Amino acid sequence: MTFEEARAQFPVLERVAYLNAGSFGPLPRATIEAMQAEQARDLRYGRAGSAYIDRMFDLRTEVRARLASLVSADPEQVALTGSTTDGCNIVLAGLDLGPEDEVVTTTDEHFGLIGPLHASGARVVVVPPDPETITGAVTPRTRLIAISHVLWTTGQVLPVDELRRATGVPVLVDGAQSVGAIVVDARAVDFLTISGQKWLCGPDTVGALVVAEPERLRVARPSYFSQQRHEPDGVFDPWPGARRFDPTWVPPGSLAGLLAALDAKPEWCFERAATMAEQCRELLTETGADVVVPAQRATLVSWRPQGEEPETVVARLAAAGVVVRDLPGTGLVRASVGWWTSEEDLERLVAGVAG
Ligand SMILES: Cc1ncc(COP(=O)(O)O)c(C=O)c1O
């Protein structure tokens, strides 16, 4: 697939410089077509019968396998969630933490992780996102390190595998800003969340949770999909593997739409995304912008506007057909650069920033 062919899959890119995958990725045409086909089928034939149920389970199996292979996991280790937040809640509820337990996290986490951390009942230890500081915060009471692979604020990459090795403490990785943007290997960590709607360009409310050892985490939030049989009082036999954590029904259209989005991804996606993100940082720096350049970085590019409110910059860029966002409370504006981003997109961004 050439770059032009790959990019042509996204109609929104014909209109605007869409630099928003950190929130929602651009949707490929084929994703919407797959969703519409499933909905047309539901409309015509109803949502009933063994053919319907078999199709739904087949789609679940296929999505599980595709997401597993994307992050070098086994399909048996993948639960189908609706979001990263779902995945964090499943892990933290299942670990049965209490006030004597500590969880180490960083100052730069999204509420999708820290909300569930707070609700877990453990003592949440918050430190700056620096590997040595994270390691130094581990005590004999630490039950979990819970951090992003890529920080949503600055695009900094945290060495999640090294932290796991150095501390021996289980690691929950929020993969919302890494899976689909950079190469991710779930084998190095205990728990990894996936958001399907961001860098994978899938529909809303699709995602996954990879659990290295599913049988060792309690099913704290069972759904109908968790069990192969149950008693009248609710005692149940969970399915083998991580499907026991599947929290809910996922519409067949969303599953088919996510598969189509995964098909849209060219082989060269990670190399190109890294190159374009680097180009974006260089071009913005040349305009005099105060660009955040972490030593280890992914595809989010943030800068601190000088003498102008971040919201004002975002609105001015939107008027010029450039979609970026501000990050409330940080003073930062963030552009999400994907494998689909063109040089013209970056030129439009830079022209808009320079005013
Ligand atoms: C680092 C990070 N974690 C979690 C989330 C929430 O993701 P989801 O909507 O899939 O729960 C986001 C969304 O922006 C994020 O950037």
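**Strand pairs, helix contacts and a ligand shell**

Before going on, the ground rules. This is a predicted model, in which local features need pLDDT of at least 70 and side-chain atom pairs count only at pLDDT 80 or more, while totals for chains, interfaces and linings use all residues. Residues are numbered from 1 along each chain as its sequence is written. Helices and strands are DSSP runs numbered from the N terminus, helices being H or I with at least four residues and strands being E with at least two. Two strands pair if DSSP finds at least two bridges between them.

β9 (residues 227-230) and β10 (residues 236-238) pair in the antiparallel sense, over 3 bridges. The two form a hairpin with 5 residues between them, and Gly-234 in the turn has a positive phi of about 95 degrees.

Next, the sheets. Angles here run from 0 to 180 degrees between N-to-C directions, and axes are lines fitted to C-alpha atoms, for helices over the stretch in contact. Within the sheet, β6 (residues 171-174) and β7 (residues 191-195) are parallel and share 2 bridges; Val-173 stands opposite Leu-192 of β7.

Another open sheet has 4 strands, ordered β11-β12-β15-β14, with antiparallel pairing. β11 (290-291) and β14 (325-327) are its edge strands. Between β12 (residues 300-304) and β15 (residues 332-336) there are 4 bridges, and Val-301 has Ala-335 as its bridge partner.

Now the helices. Two packed helices are described by the angle between their axes and the distance between the axes. α3 (residues 29-45) and α9 (residues 252-264) pack at about 155 degrees with axes 7 Å apart. The two are therefore roughly antiparallel, the cut-offs being under 35 degrees for roughly parallel, over 145 for roughly antiparallel, 65 to 115 for roughly perpendicular, and oblique for the rest. Their crossing is right-handed; that label applies if the near helix is turned clockwise from the far one by less than a right angle, and left-handed if anticlockwise. Residues of α3 in the contact include Ala-30, Met-35 and Glu-38. By class, this contact of α3 with α9 has 9 nonpolar, 5 polar and 2 charged residues. Nonpolar means Ala, Val, Leu, Ile, Met, Phe, Trp, Tyr, Cys and Pro; charged means Asp, Glu, Lys and Arg; the others, Gly among them, are polar. Contact means C-beta atoms, placed from the backbone, within 7 Å.

α9 also meets α4 (residues 49-70): the axes come within 9 Å and cross at roughly 35 degrees, and the crossing is left-handed. Among the α4 residues involved are Arg-55, Leu-59 and Arg-66. What classes make up the contact of α4 with α9? The residues divide into 9 nonpolar, no polar and 4 charged.

Last, the ligand. 14 residues surround the ligand, the closest being Ser-83, Thr-85, His-110, Gly-112 and Trp-152. By class, the shell has 3 nonpolar, 10 polar and 1 charged residues. α5 (84-94) and α6 (111-119) each supply at least two residues of the shell. A residue counts as near a molecule or strand if its C-beta atom, placed from the backbone, lies within 6 Å of it.

How values were computed
Two residues are in contact if their C-beta atoms, placed from the backbone, lie within 7 Å.
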